[in-house]
Amino acid sequence: MSYRMRDVAAVADSGPLIFLARIDLLNLLPQLFDKVLIPPEVRDEVMVRGRNHPGAYAVSQAKWLTVQAPDPQLVKSLSILVDAGEAEAIALAQTTEDCTVLLDDLRARKVAQRLDIKQIGTVGLLLRAKKRGLLETIKPHLDALMESGIYIRKELVEAVLREAGEL
């Protein structure tokens, strides 16, 4: 397997964008992926309906984000299982070559997994960034994430810190 510094494409749901923005690490995404796409629903969740929330402004200023609409038929079938932003993100990932979908919601991640779509959450992104030398440590960032309102299971924190060599 050849090792690439960056993966080809990511489709982001709102959660990872907002949480990375809240801890000033949004710019990890273009360092980890050649292209970062968001569906229109995610753009609206973050930059229109959520424009006054922490992190929204940073996301709106990210020039490397590309808004791309998914296949409406795929979205329709996924909307039964997950919320609108997640449905659009998963649908877009289904039709984007060599793509990873960025999702924090467990149900949405299970749906993506069943569809054979690579998926990773905010915590996994931090671990990947550390492994690729983009972050020296991840513990302060995990602490900042939890302080910013993301819920991370204690077992996951311990497992990630162990894998990062910080425990």
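1. Let's start with L126. Leaving aside neighbours within four places in sequence, L126 is in contact (heavy atoms within 4.5 Å) with L20, I23, L25, L28, L135, I138, H141, L142 and L145. Please keep in mind that this is a predicted model, in which local features need pLDDT of at least 70 and side-chain atom pairs count only at pLDDT 80 or more, while totals for chains, interfaces and linings use all residues. Residues are numbered from 1 along each chain as its sequence is written, and side-chain values use heavy atoms, with hydrogens and water left out.

2. L126 also belongs to the largest nonpolar core, which has 39 residues; L17, L29, L126, I138, L142 and L145 touch the most other members. A nonpolar core here is a set of buried Ala, Val, Leu, Ile, Met, Phe, Trp, Tyr and Cys residues joined through side-chain atoms within 4.5 Å. Buried means under 20% relative accessible area, exposed over 50%, and partly exposed in between, with a 1.4 Å probe and protein chains only. A second, separate core of 19 residues includes L92, C99, V101 and I117.

3. Eight of the nine residues in α1 are buried, namely S14, G15, P16, L17, I18, F19, L20 and A21. Just after α1, D24 has a positive phi of about 55°.

4. The sheet is open and has five strands in the order β3-β2-β1-β4-β5, with parallel pairing; two strands pair if DSSP finds at least two bridges between them. β3 (65–67) and β5 (118–120) are at the edges with a single partner strand each, so one side of each has no neighbour in the sheet. Three bridges join β2 (residues 33–38) to β3, and I38 stands opposite V67 in β3.

5. Helix α8 (residues 122–131) lies across β1 (7–12), β2, β4 (99–102) and β5, and runs at about 90° to β5. Axes are lines fitted to C-alpha atoms, for helices over the stretch in contact, and angles run from 0 to 180 degrees between N-to-C directions.

6. Which helix gives the most to the lining of the largest pocket? That is α8, with four residues. Elements giving two or more lining residues are α7 (106–114), α8 and α10 (154–163). Of the 16 lining residues, D104, R109, V123, R153 and L156 are the closest to the pocket's centre. On a 1 Å grid over the protein atoms alone, a pocket is an open set of points where a 1.4 Å probe fits, with protein on both sides within 12 Å along at least five of seven lines; lining residues have an atom within 4 Å of a point.
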